[in-house]
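Work through the following exercises with the sequence and the coordinates open beside the text. Each task is followed by a solution that goes step by step.

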Amino acid sequence: MCSAKSKSLAFIGVLLSCLEMIFSANTAPDIPVIEQAYSKLSSSITVEWRAVPEATNYMLTAQDEDSFVETIVKNSPGTVTGLKPATLYRVTIRSINSGGKSQPSPFKKVKTVLAAPILSVHSLSCDSIAVSWKAVHMAAGFSVSLMRSDGLGRMLKENTTNTSLIFTNLDPGTLYTIKAYAWNANGMPGDDFTYNQRTSPKAPVDVKVAFCSAALRAVVSWMPTEGALSYSVTVSSGLLKLRCNTSSASCIVPSLQCSSEYSVSVTAYSDAGSSKPTDAVSLKTTPCCPSDFRAVFMSSDTVRVTWAPVRGADLYETRAAGGSGVVLCRDTATACTLSALQCSTPYNITVFSVSEARGSSASCAPQYVATAPCSPEIKNISKEGLSVISVLWQSNGEEATYVVTARGEAGLWHCTSTGNSCTLMDLPCGSAFSVSAVARSPAGQSLPSYSVPLETAPCCPNDLILTQVTQSVTNISWSVGMGAQTYVITLESPKGQAKCHTLQNYCLLGCITCGTNYTVSLRAISETGLTSSCTYQGYSSSACCPSGVKLYRLSNNGIRVFWQASDETINYNADLRGSKGNFSCTPSSGLSHCDITEIPCGDVYTVVVAPVTDKKPKLTFCPKKIYSGKIFFEWGFFWFFFFFCPCMLDD
C-alpha cells in the first residue's frame with residue numbers, strides 16, 4: 001500500500017511540473033526597456049536594450065506622423081531600416097516568445113540623420129575635379145573631402161553651404177576617393193557618399209611625326225601619359241580631318257595627300273575624360289609626283305622629258321636607270337634633257353619632286369622607254385655589176401630595219417634590209433656619192449653611220465664620130481663622158497692598132513691603113529682611176545686612092561684620065577674642077593680610065609681621082625692634078641697641073 005501511495009505522489013508531481021511548464025510557456029515575456037536609440041544612417045535607427053528572459057525575438061517599431069515600420073530581430077542591438085531621412089520617429093520595442101508579445105516599451109524619440117548628398121563628379125582638367133550635388137533636406141552645410149585612392153599625398157577637405165565645389169592642383173590621370181556628407185543645424189553629420197574619380201590625363205608630350213613618302217603615311221609617337229587608357233591622333237588640313245585611335249604610344253595615319261600641310265595633335269583619353277590636345281605639330285608631306293610626264297627622243301641617245309609643275313617642289317630630279325648605270329638630271333625647270341644614253345638600251349625614267357623642307361617624292365611611277373638602235377658600221381662596198389653596188393655593214397644584234405642611202409649631186413638612192421647587207425641598184429655612172437646607213441626600230445632611228453665615199457665608173461660617151469682626114473689619118477671626136485678625166489681610144493684591125501690617150505674629147509689617129517675594117521673601143525678613166533670600157537660600131541677606112549694617074553688630051557675640048565686601081569673591085573670617080581665649071585666621069589666597073597669631054601678651053605683645072613663611096617661628102621684627100629695644056633707631075637703628092645688652051649694642043 002505504501003508503494004501505491006508513493007507512485008501516486010510521483011505522478012502528481014510530474015503533472016504539476018508539466019502544468020507549470022504549460023502555464024509558463026503560454027505567458028508573454030516582460031516588456032523590454034530601451035537603453036538608447038540613435039540614427040547613424042538616414043534610412044535607419046538602431047536600438048539597444050537589455051535582454052528579456054524567455055524572449056526569443058524582439059519587435060522594433062519606428063513610427064512617424066504618416067507611417068510606421070516594424071522589424072523583427074533576435075537580440076540587441078537591432079536596426080529598423082527603410083526610414084525617411086531627417087524624420088522624427090517614435091521608437092518602441094516589444095519582446096516576443098511562444099506565449100506572445102509583450103506590451104510596447106516606453107517610446108523614445110529619434111530623428112534620422114540627413115541623407116547623403118548624391119554627388120555628380122567629373123574631371124574638369126588634368127589637375128582639377130568638380131563636385132556638385134543637389135540640396136539635401138534639412139541640411140545646414142556640407143563637408144567634402146578628397147584623397148588619392150592609393151593613400152599617397154594629403155587629404156583635401158572643404159566645408160561649404162553651397163552645392164558644388166572644385167578641387168584644383170591635383171595630379172593628372174590619378175584616381176581620387178571623394179567623400180561627402182551633410183550636417184544639420186545642430187552640426188549632426190548625415191550619411192556620407194563616397195565616389196572614386198580619376199583626373200583626366202595630361203596632354204602627351206614629346207610628340208614626334210615621321211613621314212613615309214613612299215606610302216604617303218605618317219607615324220606619330222609620343223611619351224605615354226599617366227592614367228591614359230587610349231589616345232587619339234588628329235591630322236587635319238582645312239576641312240579634311242584624319243583620325244587614328246590607339247592604346248599604345250604611337251599610331252600610323254595612312255592616306256595622306258602629297259604636297260599638303262597638316263596639323264598633328266594627340267589627345268589622351270581615360271574614363272575620366274580627355275586631355276587637352278597637344279600643341280599642333282606641323283607635317284608637310286613631300287611634293288606630289290609630277291603629272292603629264294612625257295619623254296620625247298631628240299636623237300638616238302638624247303631624250304627630253306617634260307612634266308607639269310608640282311606645288312611645293314623646289315626642284316626636280318630626273319633619273320634614267322638602265323644599261324650600265326644611272327643618268328641623273330636636277331633642275332628647277334619642268335623639263336630635262338638626258339643625253340649620252342646608251343643606244344639600243346631600255347631605260348626606266350622617273351621624275352621626282354624635291355623640296356628642301358619636305359624631302360623628295362619616293363613613290364613616283366617610272367616610264368619605260370627604249371633608246372633607238374645603235375649606228376651600224378659599214379664594213380665594205382663592192383661593185384656587183386654595172387650600176388649595182390653591194391653594201392655590207394656590221395649590226396649590233398638588235399632587231400632593226402637598216403636603210404642604206406647613197407647621197408650625191410645626182411640624187412638619192414636607197415636600199416633596205418633586216419640583215420647586214422643590201423644592194424643599191426641603178427646608180428648613175430660618173431657620179432660621186434656618200435654612202436651611210438641607219439637602223440630603225442619601234443624605238444626610233446639611230447644616228448647615221450660614218451659615211452663611206454663611193455664613185456661610180458665614168459659614163460661612156462654617147463656620141464663618137466670618126467672622120468678620115470687623110471688616107472692614113474683619122475680624126476675621132478666624142479661627147480664628154482660624165483665623170484671621165486681622160487680617154488683612151490683604140491682602132492684595131494688584123495693589120496695593126498692605132499691608139500690615142502688624151503684629156504680632150506677628140507684625137508687624131510695616124511697610121512691608119514686604107515680600105516681596112518677596124519673595131520672601135522674607148523676607155524673612159526676617172527680621176528681616181530675607175531675605168532669604163534666602151535665599145536662602138538666598127539669603123540672602115542676609105543678605099544685606097546689610085547696610083548699612076550695620067551691625063552691625055554683627046555681633042556681640043558676633051559681629056560682622058562688614066563689611073564692604076566688599088567683594088568679591082570673598087571669603083572673610082574674622076575673630078576675636074578675649074579673656074580668655068582666642074583666636070584666628072586665614072587668608068588664602068590672594072591675599068592681604070594674615063595673621058596671628060598666638052599671642057600671649056602682657056603682655064604686651069606684640078607683633077608682628082610678618088611674611090612667612089614656611098615658616104616658624103618666625097619673624099620678630098622686623094623692627090624690632085626692641075627691641067628692647063630701642059631702636064632706637070634709631082635710624084636710625091638700626085639699633083640697634076642694643066643692649063644687647057646683653045647685651038648692649041650700639046651702633044
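**Exercise 1: a serine and its surroundings**

Task: determine which residues Ser 436 touches, not counting residues up to four places away in sequence, and decide whether Ser 436 is buried or exposed.

Solution. Ser 436 touches Ile 378, Val 403, Val 404, Thr 405, Ser 449 and Ser 451, leaving aside residues up to four places away in sequence, where contact means heavy atoms within 4.5 Å. This serine belongs to strand β37, residues 432-441, a strand being a DSSP run of E with at least two residues, numbered from the N terminus. Because its relative accessibility is 16%, Ser 436 counts as buried; the classes are buried under 20% relative accessible area, exposed over 50% and partly exposed in between, with a 1.4 Å probe and protein chains only.

The model is predicted, so local features need pLDDT of at least 70 and side-chain atom pairs count only at pLDDT 80 or more, while totals for chains, interfaces and linings use all residues. Residues are numbered from 1 along each chain as its sequence is written, and side-chain values use heavy atoms, with hydrogens and water left out.

**Exercise 2: confidence**

Task: state the mean pLDDT of the protein, and examine residues 1-6.

Solution. The mean pLDDT (the predictor's confidence in each residue, from 0 to 100) is 86, and 91% of the residues reach 70 or more.

**Exercise 3: an open sheet**

Task: give the strand order of the open sheet of 4 strands, and explain why one side of β12 and of β15 is left without a neighbour in the sheet.

Solution. The order is β12-β11-β14-β15, with antiparallel pairing; two strands pair if DSSP finds at least two bridges between them. β12 (156-160) and β15 (189-198) stand at the edges and have a single partner strand each, so one side of each lacks a neighbour in the sheet. Between β11 (residues 141-148) and β12 there are 5 bridges in the antiparallel sense, and Ser 145 has Lys 157 in β12 as its bridge partner.

**Exercise 4: a hairpin**

Task: describe how β24 is joined to β25.

Solution. Strands β24 (residues 294-299) and β25 (residues 302-306) run antiparallel and are joined by 5 bridges. The hairpin between β24 and β25 passes through 2 residues, and Ser 299 stands opposite Thr 302 in β25.
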